[in-house]
Every structure is written in structure tokens, then in C-alpha cells.
Amino acid sequence: MKPVADLASRVEAVAKIAAAEAASVDREARFPTAAIKAARESRLLGLAVPREFGGEALALTGIADACYRLGQACAATGMVFAMHHSAAACVVRHAGASAWHKDLIRRIAEEQLLFASSTTEGQNGGNVRASAAPIEGNGADITLTRAATVISYGAEADVIATTARRADDAPSSDQVLATFVKSDYVLEPLSGWNALGMRGTASAGFMLKACGKREQIVPEPYERIHAQTMQPVSHLLWASVWAGIAADAVARAQGFIRKAARQSGGTLPPGAAHFTKARSTLQTLRGLVASSLARFEAVADDRAALASLDFQTAITLTKVDASELAVATVLSAMRASGLAGYRNDGEFTLGRHLRDILSAPIMINNDRILANVSMSALMSGIPTSLRSE
């Protein structure tokens with residue numbers, strides 16, 4: 001296994017492969033096969049696995065940096081990478097004493113298993129904290145039949161971590177997280193994936209039919225897993241990908257303006273002012289993600305702090321703010337580039353970046369988040385100094 005010190009070069013090698021296939025991945029709405037194959041070969045899928053299980057025990061900031069770089073190269077590759085690490089983190093951080101899950105963690109590192117997650121179901125409108133389908137079975141054997149509206153890259157995954165009701169008589173909010181390896185389930189297509197952007201995430205809908213052992217249920221309740229890991233990790237890694245998309249859009253706008261200025265004897269094109277705005281919002285976006293990552297890592301092992309109202313509100317609003325800033329940045333880069341950015345051909349094209357980044361506010365819709373946190377925001381005190389949380 002290559003050393004952690006070589007991580008940057010490993011990520012860069014994957015990013016180059018991702019960039020080379022980004023246009024065809026988008027055009028054909030296909031999974032970024034070459035890039036994810038390269039990520040496996042570079043052993044990037046087990047970065048967060050503890051060393052005792054054969055991993056590299058990389059902190060979330062390091063994984064976020066990889067998401068940022070991959071997002072610059074190919075939005076779909078970056079998002080698949082982010083979603084994989086978000087789902088895997090739930091097992092790594094909540095396996096407890098489960099021998100089955102400890103073995104699964106070891107396999108993540110050894111076999112570079114690709115994790116997908118299934119948290120959206122039926123007609124629940126994206127409410128990931130409610131499940132309709134229950135875990136069935138009274139003994140050691142369990143089954144689950146779930147109408148999953150979306151399972152991103154489900155057909156390509158090696159493991160699916162899925163939410164479900166604890167039992168047939170449990171309320172929809174009493175959820176567990178069950179992990180099924182590929183031999184445990186079948187996926188029957190329910191809907192395709194012909195979307196505006198993020199086309200390579202292959203986020204089709206499936207009827208998930210799984211069977212396994214009760215020990216495949218993660219020991220802790222999903223309510224705790226969601227608050228302590230799934231929500232903060234996914235929001236931070238998604239935001240890192242969005243920042244990467246925005247950064248590449250700004251780089252392309254910069255390239256256009258520099259070329260236009262050279263060709264006109266130093267005169268800046270009309271949209272140059274929008275480039276300044278794009279640089280400014282990108283800086284704000286990167287600062288927001290960096291500070292939120294630092295805040296998470298400071299309390300990552302403190303369950304009380306992670307469950308606090310202030311932290312939960314802050315981490316959900318980070319998702320809202322990061323997605324809106326990313327969209328604003330790409331739009332400013334597009335206006336800075338003018339027709340060169342608007343065209344779908346040419347070295348400065350930004351059409352794919354704009355389509356991809358428009359997914360950010362609707363991945364767990366910002367309106368839903370704002371509505372959910374409005375009461376907690378009202379209950380929280382207003383900071384009394386610039387540096388207080």
C-alpha cells in the first residue's frame with residue numbers, strides 16, 4: 001500500500017483520468033468507470049479506515065481535499081467519491097463491537113469496496129428521517145423490500161447501506177441502518193436517470209430486495225448515526241465537491257480573460273468585473289467549508305457536542321450556504337466568460353459546470369432544510385462577539 005505522504009499524487013493521478021472522461025461521462029450519463037477504477041487502484045476508497053483494519057485513518061479534512069480536487073476534474077467522480085466516504089463513515093464510526101461490521105471495515109481497505117447509500121424512499125419527498133419499508137424477520141435472518149427512489153450508482157456499488165424501519169410495528173422515525181453486500185440483494189429498476197447535471201452519478205431508482213443476517217444491522221440507531229456522522233460528513237464532503245466545481249469554473253474564466261486581454265493589447269473584456277466577484281465568492285465558499293470541517297473535527301468524538309442544537313443547526317446551514325455560494329460562483333464565472341463560457345464547445349466552456357452545480361441546492365432541498373431548522377434557529381442565541389460560535 002502506498003504511504004499517506006503520497007496521497008496528493010495519488011489523488012492527482014485519479015483527477016487526470018477523471019478529467020479526461022468527464023465530458024463523455026456527462027454526455028452519456030454513465031458512471032465514471034475509469035476514474036473509480038483508478039481510485040480503487042490508488043487505494044483511495046479506504047482512506048478513513050483505521051490502521052488496525054488496514055486503512056490510513058485519514059481525517060475528514062484530507063478526504064475533503066480529495067473531493068475538492070476530484071470535483072474540479074469531474075463533478076460526478078467527485079460526488080461518487082464523496083457519497084462513498086459518507087456511507088462508509090457510518091460503518092467505521094458506528095460499528096461498535098459488531099464482528100460482522102469490523103470484518104466489513106477490513107474489506108473496505110483490502111478490497112476497496114465501493115459503498116452506496118439508500119436513504120430516499122417512495123413518496124417521502126426526500127425526508128431521510130422517515131422510512132416506510134421495515135426490516136422483516138424475527139430470528140437471525142432478515143429481509144428488506146424497499147422502493148428506493150434514488151440509489152446513486154447503485155448498479156455499480158459493492159455494498160449498499162440502507163435505512164429502514166426497525167420492525168413492521170415500529171413508527172417511521174424508528175430507523176436502523178442495514179448493510180448489504182452485493183450477493184445479498186437484487187435491484188429491480190424503477191426509474192432511470194436523465195437529469196440536467198450530475199449525470200454520471202447514475203442516480204436511478206430501484207426496488208431493493210435484500211436478505212441477510214440480523215448482525216448486518218449497524219448496532220446504533222439511525223437517529224444517532226444520522227446526527228453524528230451521515231449528516232455532517234455528507235454535507236461537508238458534498239460542499240467540498242461543489243467548491244471544486246466552482247474552482248474549476250473560476251479557473252476557466254480566468255483563462256478566458258487572460259487570453260482575451262492578450263489578444264486586445266491588454267484591454268480587459270466586458271465581463272472582467274464578474275470574474276472578480278467569482279473569485280470573491282469562491283474565497284468565501286472555501287473559507288466556509290474549511291471552518292466547518294475544523295469545527296466538525298474538533299468535536300468528532302464528542303457525542304454530546306455533535307448532538308447539540310447549535311452544532312446541528314450550523315452543519316445543516318453549512319450545506320445551504322455552500323450550495324448557494326457555489327451556484328453564485330459558477331454563474332459569475334459564466335458571465336465573466338461570456339459566449340466562450342456559454343458555448344458547449346471550446347476550452348472555456350462552462351455549461352457542464354453550471355448544470356452540475358445546480359444540483360447543489362436540491363440535494364436535500366435547501367427549502368426543506370431551512371424549514372426544518374427555523375425553530376432551532378429561533379431558539380439559539382445571537383453571538384455576542386465576532387469570534388464566538
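Ala29 lies in the loop between helices α1 (7-28) and α2 (33-41), where helices (H or I, at least four residues) and strands (E, at least two) are DSSP runs numbered from the N terminus. The model is a predicted one, in which local features need pLDDT of at least 70 and side-chain atom pairs count only at pLDDT 80 or more, while totals for chains, interfaces and linings use all residues. Residues are numbered from 1 along each chain as its sequence is written, and side-chain values use heavy atoms, with hydrogens and water left out.

Although Ala29 is not a glycine, its phi is positive, at about 50°. With a relative accessible area of 22%, Ala29 is partly exposed; buried means under 20% relative accessible area, exposed over 50%, and partly exposed in between (1.4 Å probe, protein chains only). A positive phi, near 60°, is also found at Ile364, a residue other than glycine. Ile364 belongs to the loop between α11 (351-357) and α12, and its relative accessible area of 27% makes Ile364 partly exposed.

Helix α12 (residues 366-379) contributes three residues, the largest share, to a nonpolar surface patch. The patch covers about 470 Å² and is made by Leu309, Met375, Leu378 and Met379. Patches consist of residues with over 30% relative accessible area and no salt bridge, with like charges joined within 9 Å and nonpolar side chains (Val, Leu, Ile, Met, Phe, Trp, Tyr) within 5 Å. A salt bridge is a side-chain nitrogen of Lys or Arg within 4 Å of a carboxyl oxygen of Asp or Glu. Accessible areas come from the Shrake-Rupley method with a 1.4 Å probe, and for residues only the protein chains shown count as cover. Met375, which lies in helix α12, counts as exposed because its relative accessibility is 52%.

An open sheet of four strands has the order β2-β3-β7-β6, with antiparallel pairing; two strands pair if DSSP finds at least two bridges between them. Its edge strands, β2 (120-121) and β6 (185-191), each pair on one side only. Strand β3 (residues 141-152) is joined to β7 in the antiparallel sense over 10 bridges, and Leu144 stands opposite Ala210 in β7. Strands β6 and β7 (residues 203-213) run antiparallel and are joined by six bridges. Ala210 of β7 also stands opposite Tyr185, while the partner of Leu187 in β7 is Leu208.

Strand β4 (residues 159-165) is largely enclosed by the rest of the structure, because seven of its seven residues are buried. In a regular strand the side chains alternate between the two faces of the sheet. Both faces of β4 are covered, with Val159, Ala161, Thr163 and Arg165 buried on one side and Ile160, Thr162 and Ala164 buried on the other. Strand β1 (residues 115-118) runs parallel to β4 and is joined to it by four bridges, whereas β4 and β5 (residues 175-181) pair in the antiparallel sense over seven bridges. Ile160 takes part in both pairings: Ile160 is the bridge partner of Ala116 in β4, and Phe180 is the bridge partner of Ile160 in β5.

The structure holds three cavities of 30 Å³ or more. On a 1 Å grid over the protein atoms alone, a cavity is a set of points where a 1.4 Å probe fits but cannot get out, and a pocket is an open set with protein on both sides within 12 Å along at least five of seven lines; lining residues have an atom within 4 Å of a point. Grid points are joined across faces, edges and corners, and a volume is the space filled by probe spheres set on the points. The largest cavity contains about 60 Å³ of space. Its lining is formed by Leu45, Gly46, Leu47, Ala48, Val49, His85, Ala88, Ala89, Val92 and Ile108, and helix α4 (residues 75-94) gives the most to this lining, with four residues.

The second largest pocket holds about 580 Å³ of space. Of the 28 residues that line this pocket, Ala48, Ala89, Val92, Arg93 and Asp301 lie nearest its centre. The elements that give two or more residues to the lining are α3 (60-73), α4, α5 (99-111), α6 (222-263), α7 (272-299) and α8 (303-307). Among these elements, α4 gives the most, with five residues.
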